[in-house]
Amino acid sequence: MLGRLKIDTSESSPSFLKSVKNDIKGEVNDFIGDVAREFGIHDFYSAHLLDYCEGYFTPGAMANATIEPEKNVTRCSNHTAMFHFDPSSVIQKELKPGISLADLRWPSAIKDAVRAVKIASNVMFVLYCVGVAATGLALIGAFPAVFSGGHMAALTNHLLSLLATLTLGIASAIVSVIMSKIVNEVNKHGNDVGISATKGTTFLGMTWAATGLMFASAIAWMYEFVAVRRQQTRYVFEGKKGRY
């Protein structure tokens, strides 16, 4: 899954605190983030295209009049092709021995939502790979096309730019839908267990901006192709006319 999708485990509800306070060993202070740490899980998880990162809020999970919590990333997973972030699996592995997701009343709807978008995530990754490759080839091909001025070079770059536009556009649409679905399901069903999710706007802005730029490139190269063809046709016509 692409992000930035942030899973926040620090927003525990009062009912959740009441149900678990007798099961937690040690003192639980006013910072809700300590509840997550008592279980062995982190305050937040950020999902990206190839990996995910996790960490804690500092100096604490709750904001006050003078302090705004900052994210302190403590670890990121290895970069993996076809990466698919499964918060249920990640949190289950981090829970202390003897504690399971069932003990936390983890909603099955979140598991179902993540499972439902797995295939879409794989398709999205392949499309991004094709889109990036096409973009790279278009950039490389732009240099000889500009200096040669041939219509075939312009047509080739138009097709590459068009391919990049389609693949990046479809991938951007998929990631937008995936993020919306996961965020909505987490926020809808995760309140009772004290988790929330937010969409990262930076990546979405970058991926849609890249799509727009490649679309503009495709239009520019098509204009160049048409202009060169008209010029060549005019030269051919004038050359034939001059023979008579």
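Here are a few friendly notes on the disulfide and a nonpolar surface patch in this predicted model.

1. Some ground rules. Local features need pLDDT of at least 70 in this predicted model, side-chain atom pairs count only at pLDDT 80 or more, and totals for chains, interfaces and linings use all residues. Residues are numbered from 1 along each chain as its sequence is written, and side-chain values use heavy atoms, with hydrogens and water left out.

2. The disulfide. A search of the whole structure turns up one disulfide (a pair of cysteine sulfur atoms within 2.5 Å). Cys53 and Cys76 form this link, with their sulfur atoms 1.9 Å apart. The link is right-handed, with 105° about the S-S bond. Distant parts of the chain are joined here: Cys53 sits in strand β3 (residues 52-58) and Cys76 in strand β4, 23 residues apart (strands are DSSP runs of E, at least two residues, and helices are runs of H or I, at least four, numbered from the N terminus).

3. Cys53 is buried at 9% relative accessibility, whereas Cys76 is partly exposed at 35%. Cys129 counts as partly exposed too, at 40%. (Buried means under 20% relative accessible area, exposed over 50%, and partly exposed in between, using a 1.4 Å probe and protein chains only.)

4. The nonpolar patch. Do have a look at Met82, Val126, Val130 and Leu163, which make a nonpolar surface patch of about 290 Å² (patch residues have over 30% relative accessible area and no salt bridge, with nonpolar side chains joined within 5 Å and like charges within 9 Å). Met82 lies in the loop between β4 (70-76) and α3 (87-94), and is partly exposed, with a relative accessible area of 38%.

Technical notes: Areas by Shrake-Rupley, 256 points an atom, 1.4 Å probe, with all protein chains shown as cover. Salt bridge = Lys/Arg side-chain N within 4 Å of Asp/Glu carboxyl O.
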